[in-house]
Amino acid sequence: MSDLETMPGHLIRRLQQISVARFTSRMTEAGIDLTAVQYAALLTLRDHPGLDQQTLAGMIAYDRVTIGGVIDRLVQKGLVDREVSPADRRARVLMLSDQGRSVLDAASPWVDKVQDDLICHLTAEERDIFLTILQKTTQAGNEMSRAPLRRTVKA
């Protein structure tokens, strides 16, 4: 019989719960209506304007089916604009709106606080080790995910 407290999967799930709770708490504290996935989408659109939904989903490792709801909410909030693609009139591309840029700028320092909340109990050396192992494990398991990370933008 296994002890939950020594099972990596259980501990990773718990850390995810803690991360989401801290993100939600910090955004509430800041008075910003934003989820972690919405933040990831805004940040990615800032850095890569004009993505389609499918490419955005891959770049934030999010399920392609459910990204539509995330984008719909960002559009409803006025944070993202959908525009007709100049390359394909049937397709839509996503652009960060001016309001989206403002919200992203306001949220970023709070997101930094979340990161610190999660690892503040670690020494500097432990933080480096933890992040190295976390990155290595996440990269190694990428293709096992239902929504693997896709770093590249479609040409």
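In this predicted model, Asp-63 is in contact with Ala-57, Arg-146 and Ala-147, leaving aside its neighbours within four places in sequence. Asp-63 lies in the loop between α3 and α4. Helix α3 spans residues 53–59, and α4 spans 67–76. A polar atom of the Asp-63 side chain also lies 3.1 Å from the backbone nitrogen of Val-65.

Asp-33 touches Gln-38 and Lys-77, not counting residues up to four places away in sequence. Val-103 is 70 residues from Asp-33 in sequence. In space, the two are 9.1 Å apart, C-alpha to C-alpha.

Helix packing was examined for α2 and α5. Two packed helices are described by the angle between their axes and the distance between the axes. Helix α2 covers residues 36–47 and helix α5 covers residues 98–119. Their axes come within 10 Å and cross at roughly 120 degrees. Helix α2 is therefore oblique to α5. The crossing of the two helices is left-handed. On the α2 side, the contact involves Tyr-39, Leu-42, Leu-43 and Arg-46. These residues meet Gly-100, Arg-101, Leu-104, Ala-107, Ser-108 and Val-111 in α5. By class, the contact of α2 with α5 has six nonpolar residues, two polar and two charged.

Note on methods
Residues are numbered from 1 along each chain as its sequence is written. This is a predicted model: local features need pLDDT of at least 70, side-chain atom pairs count only at pLDDT 80 or more; totals for chains, interfaces and linings use all residues. Side-chain values use heavy atoms; hydrogens and water are left out. Helices (H or I, at least four residues) and strands (E, at least two) are DSSP runs, numbered from the N terminus. A polar contact is a pair of N or O atoms within 3.5 Å; within protein, one must be able to donate a hydrogen and the other to accept it, and residues adjacent in sequence count only if both atoms are side-chain atoms. Contact means heavy atoms within 4.5 Å. Axes are lines fitted to C-alpha atoms, for helices over the stretch in contact, and angles run from 0 to 180 degrees between N-to-C directions. Angles under 35 degrees count as roughly parallel, over 145 as roughly antiparallel, 65 to 115 as roughly perpendicular and the rest as oblique. A crossing is left-handed if the near helix is turned anticlockwise from the far one by less than a right angle, and right-handed if clockwise. Ala, Val, Leu, Ile, Met, Phe, Trp, Tyr, Cys and Pro count as nonpolar, Asp, Glu, Lys and Arg as charged, and the others, Gly among them, as polar.
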